[in-house]
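Okay, thanks for making time, everyone.

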Amino acid sequence: PIYLFGDASQSMGVDGGRKLDYAKKVAAALAYIGLSNLDRVNLVVYAEGIIEELPAQRSKGQIFNILRFLARVRSSHETNAGEAFRRFFNAKRRRGMTVAISDFFDPNGATKAFDIVRYRRQDLLAVHVVSPQDRSPSLNGEVTLIDSETRQPQDVTVTPTLLQAYEEEYDRYSEELERYCALYGFSYVPTLTEYPFEELILQVMRQGRFLS
């Protein structure tokens, strides 16, 4: 079985929802590949918990149910992947491939959510969807930043030094996710929203993990 988890928290909806739209395309493509391989494909949309599930689908004809399901997805709420994964895997699940498609902005820690997948002896493919503004925001001077999920404001004086420090911290966090996945034999695939998603799918396929 393939368990597709799509992050639909508020942070995925910023910048006109480009990250969410990209994530939905990736989910649809991977679901179709799974169905073509006669795998059972479950879809789970989450934010602070599970928002909606589409039970196991099998056979290529079910792709239309998946497309309709994904078309309804809108961004909302804060992020807590661990709660969503915990709730889903508390039910008895066969061992399979868990795919997490997210920007991994999770105040509870994305690797803590990955721990749940690992404890349940599932495989993991982490698709890290990044917009250019995530790593290199176009900011300067005195600004008020508003958290996209909590709506909390923060007054900040943005300088080139601060932006450089932020980019270094963002890179450190991304490298932490990659190291975690490498340590436990999982796959970590980062992608920019400008990167053609078809190329991303080919990149996933070349890893040889998604198809049995």
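The model is predicted, with local features needing pLDDT of at least 70 and side-chain atom pairs counting only at pLDDT 80 or more, while totals for chains, interfaces and linings use all residues. Numbering runs from 1 along each chain as its sequence is written, and side-chain values use heavy atoms, with hydrogens and water left out.

Let's begin with Met12, which sits in the loop between E1 and H1. Is Met12 buried or exposed? I'm using under 20% relative accessible area for buried, over 50% for exposed and partly exposed in between, with a 1.4 Å probe and protein chains only. Met12 comes out at 0% relative accessibility, so it counts as buried. For contacts, I take heavy atoms within 4.5 Å. Setting aside residues up to four places away in sequence, Met12 touches Asp7, Gly17, Lys19, Leu20, Ala23, Ser102 and Asp103. His128 is 116 residues from Met12 along the chain, and their C-alpha atoms are separated by 11 Å.

Another loop residue is Ser131, between E5 and helix H5 (132-135). Ser131 has 1% relative accessibility and therefore counts as buried. Which residues does Ser131 contact, leaving aside neighbours within four places in sequence? Those are Asp15, Lys19, Leu192 and Thr193. Ala31, on the other hand, is 100 residues from Ser131 in sequence and 23 Å away in space, C-alpha to C-alpha.

Now the cores. By nonpolar core I mean a set of buried Ala, Val, Leu, Ile, Met, Phe, Trp, Tyr and Cys residues joined through side-chain atoms within 4.5 Å. As background, nonpolar side chains in soluble globular proteins tend to be buried together. Here the largest core has 34 residues, and Leu4, Leu30, Ile66, Val99 and Ile101 have the most contacts inside it. Elements giving two or more residues to this core are strands E1 (2-7), E2 (41-46), E4 (97-102) and E5 (123-130), plus helices H1 (14-36), H2 (63-71) and H7 (197-206). H1 gives the most, with 11 residues. There's also a second, separate core of 25 residues, including Ala110, Val117, Ala126 and Tyr180.

On to helix pairs. My axes are lines fitted to C-alpha atoms, for helices over the stretch in contact, and angles run from 0 to 180 degrees between N-to-C directions. Under 35 degrees I say roughly parallel, over 145 roughly antiparallel, 65 to 115 roughly perpendicular, and the rest oblique. H1 and H7 pack at about 45°, with their axes 10 Å apart, so they are oblique to each other. Tyr22, Lys25, Val26, Ala29, Leu30 and Ile33 in H1 meet Phe197, Leu200, Ile201, Val204 and Met205 in H7. By class, that's 10 nonpolar, no polar and one charged, where Ala, Val, Leu, Ile, Met, Phe, Trp, Tyr, Cys and Pro are nonpolar, Asp, Glu, Lys and Arg are charged, and the others, Gly among them, are polar.

What about H4 (residues 110-119)? H4 is mostly covered, with seven of its 10 residues buried: Ala110, Thr111, Ala113, Phe114, Asp115, Ile116 and Val117. Those buried residues pack against H3 (81-90), E4, E5 and H6 (160-183). With H6, the angle is about 15° and the axes are 11 Å apart, so H4 and H6 are roughly parallel. On the H4 side the contact involves Ala110, Thr111, Phe114, Asp115 and Arg118, and on the H6 side Tyr173, Glu176, Leu177, Tyr180 and Cys181. That contact has six nonpolar, one polar and three charged residues.

Last topic, backbone torsions. Most residues other than glycine have a negative phi. Phe104, in the loop between E4 and H4, has a positive phi near 60°, and Phe104 is buried at 5% relative accessible area. Arg121, which follows H4, also has a positive phi, near 60°. Then there's Arg151, in the loop between E6 (141-146) and E7 (153-158), with a positive phi of about 65°. At 55% relative accessibility, Arg151 counts as exposed.

Definitions and conventions:
Helices (H or I, at least four residues) and strands (E, at least two) are DSSP runs, numbered from the N terminus.
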